[in-house]
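Keep the coordinates open as you read.

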Amino acid sequence: MDLKLLWKQRRTGFWNGILPYLGYVIQSGVAMVFLFLVIAFSAWYTSFVQNIPAEFPIRWIALLLLAPLVLFSSYRTYLLPADIVFLRPQEYRMQEYLKNSFARGIIYKSLGLLLVFVTLWPLYVRADLDARPFGWFIVFLLLWKGLSSYGAWQELRMVQVGAARGYRLLRWALAVLAIAAWLWQPPQRSVWFLLLLAVVYIVALRIPVKHRVAWERLIQVEQGQAGRVMRTLGWFVDVPSSGQKVSSRRWLSKWGSGLPWNAGKAYRYLITKTFIRTEVFSIVLRLIVLGMLLSWWTAGSYFGVGVYLFFLLLAGVQLGAMRRSHSESFWIMIYPISGESRRSQVLGFIFHLHALAALLMWLPMLAAGASGLTVTGVALILGILVIVIMRRSQGNKWLKEEEDE
């Protein structure tokens, strides 16, 4: 069996199933919105670089932007549950299959990292009087990106889940520490410190017991990656449902438990538990945190209003995906809950969460003070309009889908 050819066939098969939906994505107008945002950002960024405020915290900004990109590692293996049986006899040769996943996982993520760095460079070199050389900065980022990606790959192979989580925290801590040392410390001192960190980390990675091929974990990760792609397409067009990762999140387990036990709140209970245990929760939480930071940073400017509305729109799109949860479940069909009740409970839950997200991302804009009161007020009014329009749009779309069925 040619394992390299098998990997390529599976990759081609997956993306051939995605391409037919891309036309609907383009027709939705997302390309025009993206182009408009790029033009608006370019104009604002050019003006900002030419008028950088005094004491601008460029090193902290660089750390916040670059550290997540250095850390982010994901791999598409295209493995299937049946491979545990049918490919396991080839386990001793699976490196031929998996090395494509590892290499492409590093290359594509590195290109994204370089794109952000090149965009950040004009601001960095003008705001930091002790800026690191461009070429050496790129070399540092690529080397540490490769080390972080190697560590993430080893985490997937670890036998003990607790060890994998511990090493993930270690990888995050070392990456943030390495970037901070590169930005704040003198070049010679930071280079020796980074070499020491890298050697210690590589040696530490040899300690945990690892699978030759962690079949179950790789298949689970692949299903999560494929499901994420399909859910993204689901924002624009109906696509086949795909499984998603479910997390217990015990610290939020009591959320929704106080709802009355009756038909009028039954689906609200279900959708609440679904939200806190799926990836939508973590995605929306990250959007809110990032939106709050950027709203505070751009407070008092109309560009900040655009940033606020953009993140509010992203949060609304993510939350809107919740209405498709359990849509194909057999048990939902036999519960004594009317379609109208289900629709109102789900849309009401989404509306309240969207309003909470809007409030949290708007509050940092108050940092502009009295001088930015007009802009802050405009942002609040437009934010309310976005929430109401998206609520009405989701309701109309749901009714149309029910009529088509």
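**Around D83**

Leaving aside residues up to four places away in sequence, D83 touches R10, Y78, R88 and W215; contact means heavy atoms within 4.5 Å. This is a predicted model: local features need pLDDT of at least 70, side-chain atom pairs count only at pLDDT 80 or more, and totals for chains, interfaces and linings use all residues. Residues are numbered from 1 along each chain as its sequence is written, and side-chain values use heavy atoms, without hydrogens or water.

D83 belongs to helix 4 (residues 83–86). Helices are DSSP runs (H or I, at least four residues), numbered from the N terminus. D83 is buried, at 3% relative accessibility. Buried means under 20% relative accessible area, exposed over 50%, and partly exposed in between (1.4 Å probe, protein chains only). A polar atom of the D83 side chain lies 2.7 Å from the backbone nitrogen of L80.

Now take helix 3, residues 58–71. Its 14 residues reach 20 Å from first C-alpha to last, close to the 20 Å expected at 1.5 Å a residue. That expected span is 1.5 Å times one less than the number of residues. Its buried residues include I58, R59, L66 and L71. The buried residues pack against helix 5 (94–127), helix 6 (134–157) and helix 7 (161–184).

Finally, helix 11 (residues 279–297) holds V289. V289 is partly exposed, at 43% relative accessible area. L290 lies in helix 11 too, and is partly exposed at 41%.

Terms used:
Helix = DSSP H or I, 4+ residues; strand = E, 2+ residues; numbered from the N terminus. Polar contact = N/O pair within 3.5 Å; in protein donor to acceptor, adjacent residues only side chain to side chain.
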